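The plan is to look things up piece by piece and jot down what turns up.

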Amino acid sequence: MLDVNIAHRFPDFNLNVTFQSGAKVTALFGPSGAGKTTILNVVAGLFTPDSGRVSLDGSVVFDRDKDVNHPPHFRSVGYVFQSPRLFPHMTVLQNMMYGTTGKMPSDDIAQVLGIDHLLSRRPKHLSGGEQQRVAIARAVLRNPKLLLMDEPLSSLDADRRATILPYLNQLAQSRDLPVLMVTHDMGEVAQLADHLVVLRDGQVIQSGAVSDVLSDPAAVPDIGVRNAGAVVTAVVTKAPSEDGLTQITLGGQSLYFPNIQRGVGAIVKVRVLAQDIILAKTKPADISALNILSVTLKKISAGHGPGAVIQLSVGDQTLLARVTKRSVQALKLEAGQNIYAIVKATAISRGNIG
């Protein structure tokens, strides 16, 4: 369990943050200057705030009132920065083992991260994604109680980010190692995170399970209207067919999406953007969309502009749809109605599947 309660006065804003998380992966999300990296540095012991307390698994590493402030090397945390920071004169294996005790099997970590065939190479012969995986391996091999990651994929292009994300997901799921990560990418949150902390101007706006936070219309102004959307959990019921579509079941209803290379019975997280859902009062016929869900309208939240966010329930899970206020009036939409949500199969990109 990570417990953070800190405050610090900066010249341009005040940091006042409190959150708890026992999740495998906790994501800090918010605009630049919200205080995300400062939080990581406080947890790591690289920055001392004016007041507060930080504990990890019940062990207090910082408490201003009790004059407790453990130095970084006593906090048992690993830190992965935006840039890999590898030693150019060392091989991959030497970089991985630098500063470690040598008690953890490096072959296991290298295999999980897909760099076991690169151990004898030097950093200049690696791609950006491979270098970052080496940096992650080095941090994990220190056998930390917590892994801190400060936008580790921000320097990579979209294709390289898509390549490395499955490795990070496998690492998070295969090891008993909690992760606290900073990200600007909601796709990374959808694929990796279990707990989401939304920050604005040094304050915690929302904190909770990813599915709960992203399905809350109140979070939309801070997530951004283009990023708004829910993360739902579904089960693969049919393997990919010849046309590349995989059948999944959500709330007892079938959906078809591409880019899901999982076996039958696998549980997947899918991020469905609010802007990719169309609503209908009656079940559409003779349309190209494959995914037509029967849903219940839970709540309508009107924004300051022409749009409105509609909260929908499908089984015990929640989706969000973004439509115009004019559409709400034209369809006479009200809470409690049973309506239909149409989702294009091609709207779900690989980056929105975890």
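This is a predicted model: local features need pLDDT of at least 70, side-chain atom pairs count only at pLDDT 80 or more; totals for chains, interfaces and linings use all residues.

Before anything else, I noted how elements are named: helices (H or I, at least four residues) and strands (E, at least two) are DSSP runs, numbered from the N terminus. Residues are numbered from 1 along each chain as its sequence is written.

**Entry: Val264**

I started in a loop. Val264 sits between β14 (253-257) and β15 (267-273). Is Val264 buried or exposed? I use buried for under 20% relative accessible area, exposed for over 50%, and partly exposed for anything in between (1.4 Å probe, protein chains only). Val264 has 60% relative accessibility, so it counts as exposed.

Next I looked up its contacts, meaning heavy atoms within 4.5 Å. With neighbours within four places in sequence set aside, Val264 is in contact with Val236, Thr237, Lys238 and Ala239. I also checked a distance: Val264 and Pro144 are 120 residues apart in sequence, and their C-alpha atoms are 35 Å apart in space.

**Entry: the whole chain**

Then I stepped back. I counted nine helices and 20 strands in the chain. Its C-alpha atoms fill a box of roughly 65 × 50 × 30 Å along the principal axes.

I looked up the radius of gyration, which is taken over C-alpha atoms; the globule rule is 2.2 Å times the number of residues to the power 0.38. For 354 residues a compact globule would come out near 20 Å, and the chain has 22 Å, which agrees.

Of the 354 residues, 50% count as buried. Taking contacts between residues at least 6 apart in sequence, I found that 66% join residues at least 24 apart. The accessible surface comes to about 16500 Å², with 48% of it belonging to carbon and sulfur atoms. That area is from the Shrake-Rupley method with a 1.4 Å probe; for residues, only the protein chains shown count as cover.

I followed some strand pairing next. Two strands pair if DSSP finds at least two bridges between them. Strand β1 (residues 2-9) pairs with strand β4 (residues 51-56) in the antiparallel sense, over six bridges. On that pairing, Ile6 stands opposite Gly52 in β4.

β4 also pairs with strand β5 (residues 59-63), antiparallel again, over four bridges. Here Val54 has Phe62 of β5 as its bridge partner. β4 and β5 make a hairpin with two residues between them, and Asp57 in the turn has a positive phi of about 55°.

Moving on, I saw that β5 and β6 pair in the antiparallel sense over two bridges. Asp63 has Val68 in β6 as its bridge partner. This pair is a hairpin too, with four residues between the strands, and Asp67 in the turn has a positive phi of about 55°.

**Entry: Asn69**

How exposed is Asn69? Its relative accessible area is 38%, so Asn69 is partly exposed. Not counting residues up to four places away in sequence, Asn69 touches Thr48, Val61, Phe62 and Arg75.

**Entry: helix α1**

Helix α1 (residues 36-44) has eight of its nine residues buried, so it is largely enclosed by the rest of the structure. Among the buried ones I listed Lys36, Asn41 and Ala44. Gly45 follows α1, and its phi is positive, near 90°.

**Entry: positive phi in two loops**

Last, I looked for positive phi away from glycine. Arg85 has one, about 55°, and lies in the loop between β7 (77-80) and α2 (92-97). Arg85 has 52% relative accessibility, so it counts as exposed.

Asp286 also has a positive phi, near 55°. I found Asp286 in the loop between β16 (277-280) and β17 (291-302). With a relative accessible area of 83%, Asp286 is exposed.

Methods: Side-chain values use heavy atoms; hydrogens and water are left out.
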